[in-house]
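These notebook entries set down what I looked up in the structure, topic by topic.

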Amino acid sequence: MQLYTELIRHDFETYITTVQDYFRCLDEERARAFAEAHEVSADYERFISAVE
């Protein structure tokens with residue numbers, strides 16, 4: 001096991017970094033999509049107000 005300790009440590013650290021990057025990407029996309037949905041909702045409200 002000691003022969004592979006450094007290799008396993010490196011693989012684990014790479015895995016954790018990749019997972020963190022993935023979650024950060026998901027968080028950024030969620031925030032972007034939420035902002036877009038807010039803008040679309042505001043546009044829709046203005047449209048409804050204009051046609052009434």
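**Entry 1: salt bridges, rule and count.** I took a salt bridge to be a side-chain nitrogen of Lys or Arg within 4 Å of a carboxyl oxygen of Asp or Glu. By this rule I count 5 salt bridges.

**Entry 2: provenance.** I note that the model is predicted, with local features needing pLDDT of at least 70 and side-chain atom pairs counting only at pLDDT 80 or more, while totals for chains, interfaces and linings use all residues. Residues are numbered from 1 along each chain as its sequence is written, and side-chain values use heavy atoms, with hydrogens and water left out.

**Entry 3: overall form.** I looked up the secondary structure, taking helices (H or I, at least four residues) and strands (E, at least two) as DSSP runs numbered from the N terminus. The protein chain holds 1 helix and 0 strands. Helix 1 covers residues 5-51. I then looked up the radius of gyration, taken over C-alpha atoms, with a globule rule of 2.2 Å times the number of residues to the power 0.38. The protein chain has 23 Å, whereas a compact globule of 52 residues would have a value near 10 Å. Along the principal axes, the C-alpha atoms fill a box of roughly 75 × 10 × 5 Å.

**Entry 4: burial and surface.** How much of the protein chain is buried? I used relative accessible area, where buried means under 20%, exposed over 50% and partly exposed in between (1.4 Å probe, protein chains only). Buried residues make up 0% of the 52 residues.

**Entry 5: nonpolar residues.** I looked up patches, which are made of residues with over 30% relative accessible area and no salt bridge; like charges are joined within 9 Å and nonpolar side chains (Val, Leu, Ile, Met, Phe, Trp, Tyr) within 5 Å. Leu3, Tyr4, Leu7 and Ile8 make a nonpolar surface patch of about 490 Å². Leu7 lies in helix 1 and counts as partly exposed because its relative accessible area is 47%. Leu26 is also placed in helix 1, and its 40% relative accessible area makes Leu26 partly exposed.

**Entry 6: individual pairs.** Side chains of opposite charge can pair when their charged atoms come close. Which residue forms a salt bridge with Arg9? The partner is Glu6, and the closest N and O atoms are 3.0 Å apart. Both residues lie in helix 1, 3 residues apart, about one turn of the helix. Arg9 is partly exposed at 43%, whereas Glu6 is exposed at 53%.

I next looked up Arg24, which forms a salt bridge with Asp21, the closest N and O atoms being 2.9 Å apart. Arg24 and Asp21 are separated by about one helical turn because they are 3 residues apart in helix 1. Arg24 is partly exposed at 44%, and Asp21 is partly exposed at 40%.

For Arg46 I find a salt bridge with Asp43, with the closest N and O atoms 2.2 Å apart. Arg46 and Asp43 both lie in helix 1, 3 residues apart, about one turn of the helix. Arg46 is exposed at 52%, while Asp43 is partly exposed at 43%.

Key
Accessible areas come from the Shrake-Rupley method with a 1.4 Å probe; for residues, only the protein chains shown count as cover.
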